[in-house]
Amino acid sequence: MANFKTFFISQTLTLTLLFSTLVTATYHHNISPSLVRSREKLTHLHFYLHEIFTSEKPSNIVIDPPKVVASSPLPFGSQVVIEDPLTIGPDVKSKEIGKAQGFYLSATQRPGLELEIVMGMALTFLEGEFNGSSLSVLGRNKIFNEVRELPIIGGTGEFRFARGYILARTVKVDYHKGDATVEYNAYVYHYSSTSSSSSPHLFNQGLHFMSWRLLSL
């Protein structure tokens, strides 16, 4: 009886280790970068972002403002949630091509109008070739600089593997009310999700392989 128990436990451990090894060995699949580098694009996007506080339906809302007395319209620690329209021209009523969704934080303790913010947002496009695709942006934005640079750290859809930068320039702003129009020039390297019919298979091959191996056990 003791021998049977020892044999049973030994076999169970062996099968468990084998199963773990198979799962570990098959959940990923290496892909040669040369297969996709030939399809890399460099795209320039030009549009305008509108920050709207003074409206019945504002696109910017300050959440949980800091409980401090400050001369700055956006005291240190302020948090703002945004859903700003992106338009083809500087007029907020010009054709809307997308929206910026995200947040920014006031990240300076300097008094007055010396505004420095850290922004995190998704720029989602709703028109043309990039309809449904988005760019991910995260970085420091020193509002009083004439031109600010923001890094593009990723993307979806037509902007897979996105990397690049945005040059932001304020067209007009009311520092006390908060309303502003900002010109964006974005330069982005990316791989189109539809540039090749083999792309979905190429990027999901490892996961498909894992599923097949698990089902065959």
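**Pockets and core of a predicted model**

Tutor: Let's start with the second largest pocket, which is lined by Ile52, Lys57, Pro58, Ser59, Glu83, Asp84, Pro85, Glu96 and Lys99. This is a predicted model, where local features need pLDDT of at least 70, side-chain atom pairs count only at pLDDT 80 or more, and totals for chains, interfaces and linings use all residues. Residues are numbered from 1 along each chain as its sequence is written, and side-chain values use heavy atoms, with hydrogens and water left out.

Student: Which strand gives the largest share of the lining of the second largest pocket?

Tutor: Strands here are DSSP runs of E, at least two residues long, numbered from the N terminus. Strand 3 (79-87) and strand 4 (96-106) each supply at least two lining residues. The largest share, three residues, comes from strand 3.

Student: By class, how many charged residues does that lining have?

Tutor: Asp, Glu, Lys and Arg count as charged; Ala, Val, Leu, Ile, Met, Phe, Trp, Tyr, Cys and Pro as nonpolar; and the others, Gly among them, as polar. The lining of the second largest pocket has three nonpolar residues, one polar residue and, to reach your answer, five charged residues.

Student: Now the largest pocket: which strand supplies the largest share of its lining?

Tutor: Its lining has 22 residues, with Glu51, Phe53, Tyr104, Leu115 and Gly178 nearest the centre. Strand 1 (40-51), strand 8 (160-173) and strand 9 (180-191) each supply at least two. The largest share, three residues, comes from strand 9.

Student: Which side chain does a polar contact of 3.2 Å join to that of His50?

Tutor: A polar contact is a pair of N or O atoms within 3.5 Å; within protein, one must be able to donate a hydrogen and the other to accept it, and residues adjacent in sequence count only if both atoms are side-chain atoms. At 3.2 Å, the partner of the His50 side chain is Thr181.

Key:
On a 1 Å grid over the protein atoms alone, a cavity is a set of points where a 1.4 Å probe fits but cannot get out, and a pocket is an open set with protein on both sides within 12 Å along at least five of seven lines; lining residues have an atom within 4 Å of a point. Helices (H or I, at least four residues) and strands (E, at least two) are DSSP runs, numbered from the N terminus.
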